[in-house]
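Work through these exercises with the model open beside you. Try each task before you read its solution.

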Amino acid sequence: MGELTGKTVIVTGASKGIGAATASAMVAAGANVIAHYGADRSGAEAATGGHAHLIQADFRDMAAVDAFWTEAAEFASGQIDVLVNNAGIMRQTGGIQDPVEEWDKVWTEAIAVNVTAPARLLRHAVRSWLEAEVHGAIIGIGSWVSTRGTANPGAIAYAASKAAISAATKTVARNYAAQGILAYVIAPGVVRTQMSVDSAAKTGGEAAVTATLPMGEWVPPSDIAETAVFLASGRARHLTGATIDLNGAAYIR
């Protein structure tokens with residue numbers, strides 16, 4: 001039996017990258033996984049090997065976010081133990097030097113998908129745990145850009161949005177620890193995902209980015225996934241409120 005047997009875990013953005021790796025690792029650890037996807041159902045199916053309940057939702061639409069939570073809660077008979085807030089977008093335009101129309105479009109989308117949607121799910125989760133008087137955990141997938149800024153000028157909205165949802169997650173940790181509700185932020189550096197490849201293309205290319213990393217390699221998504229499994233297990237309760245850096249010593253604070 002896995003260390004998460006009997007736990008129900010929601011993983012958002014489970015069709016690719018960190019989300020796919022995390023959903024896969026949660027399944028392997030024995031969790032009952034509810035996997036969110038936006039458009040790529042086949043990606044979520046491949047990540048979970050058919051061993052998860054898949055729910056589609058467009059996180060730009062808060063009504064869809066609410067409907068997602070309702071369906072997830074009904075499927076789990078109200079027993080959701082862990083919420084992994086992973087889904088996010090990072091557009092490569094919308095920076096200070098781009099047209100204001102592009103700026104407005106990108107910022108509106110980034111705030112909706114990266115802040116308002118995960119905050120809404122966080123709210124649903126915490127309220128459900130308080131009402132049922134049970135414990136639960138929020139695991140937010142953040143980014144090192146939320147504290148160091150980003151070298152990609154087009155990703156300014158992404159950096160700001162990641163900082164906002166990280167602050168919201170830490171606020172949950174500070175205010176609900178006494179009720180057994182835990183909250184963590186995992187802050188990866190350069191991860192081997194398509195999102196990072198696209199970003200590297202804007203900052204000198206993959207080789208140039210790799211040259212700045214002490215380990216000379218990008219973080220594999222599996223490192224973030226295994227850390228999320230560990231946190232979901234409840235074996236590090238007093239890490240609640242922590243931001244866990246996973247960047248291969250590229251950013252030490």
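Buried means under 20% relative accessible area, exposed over 50%, and partly exposed in between (1.4 Å probe, protein chains only). The model is predicted, so local features need pLDDT of at least 70 and side-chain atom pairs count only at pLDDT 80 or more, while totals for chains, interfaces and linings use all residues. Residues are numbered from 1 along each chain as its sequence is written, and side-chain values use heavy atoms, leaving out hydrogens and water.

**Exercise 1.** Classify Ala249 and Glu133 as buried, partly exposed or exposed.

Solution. 
- Step 1: Find Ala249 in the segment after S7. Strands such as this are DSSP runs (E, at least two residues), and helices are runs of H or I (at least four), numbered from the N terminus.
- Step 2: The relative accessibility of Ala249 is 46%, so Ala249 counts as partly exposed.
- Step 3: Find Glu133 in the loop between helix H4 (100-132) and S5. Its relative accessibility is 72%, so Glu133 counts as exposed.
- Step 4: Check phi. Most residues other than glycine have a negative phi. Ala249 has a positive phi of about 65°. Glu133 has a positive phi near 55°.

**Exercise 2.** Find which residues of helix H2 (residues 41-48) are buried, and why they lie on the same side.

Solution. 
- Step 1: Gly43, Ala44, Ala47 and Thr48 are buried.
- Step 2: These residues cover an arc of only 120° around the axis, so they sit on the same side of H2. The arc is taken from the directions from the helix axis to the C-beta atoms.
- Step 3: Recall the general rule. An α-helix has 3.6 residues a turn, so residues three or four places apart point the same way.
- Step 4: Look at the cover. It includes H1, S2 and strand S3 (52-56).

**Exercise 3.** Describe the largest nonpolar core.

Solution. 
- Step 1: Define it. A nonpolar core is a set of buried Ala, Val, Leu, Ile, Met, Phe, Trp, Tyr and Cys residues joined through side-chain atoms within 4.5 Å.
- Step 2: This core has 34 residues. Val11, Met26, Val84, Ile139, Ile186 and Ile224 touch the most other members.
- Step 3: Elements that each supply at least two residues include strand S1 (8-11), helix H1 (17-28) and strand S4 (82-85). H9 gives the most, with 6 residues.
- Step 4: Another core of 29 residues lies apart from this one, with Phe59 and Phe68 among its members.

Methods
Contact means heavy atoms within 4.5 Å.
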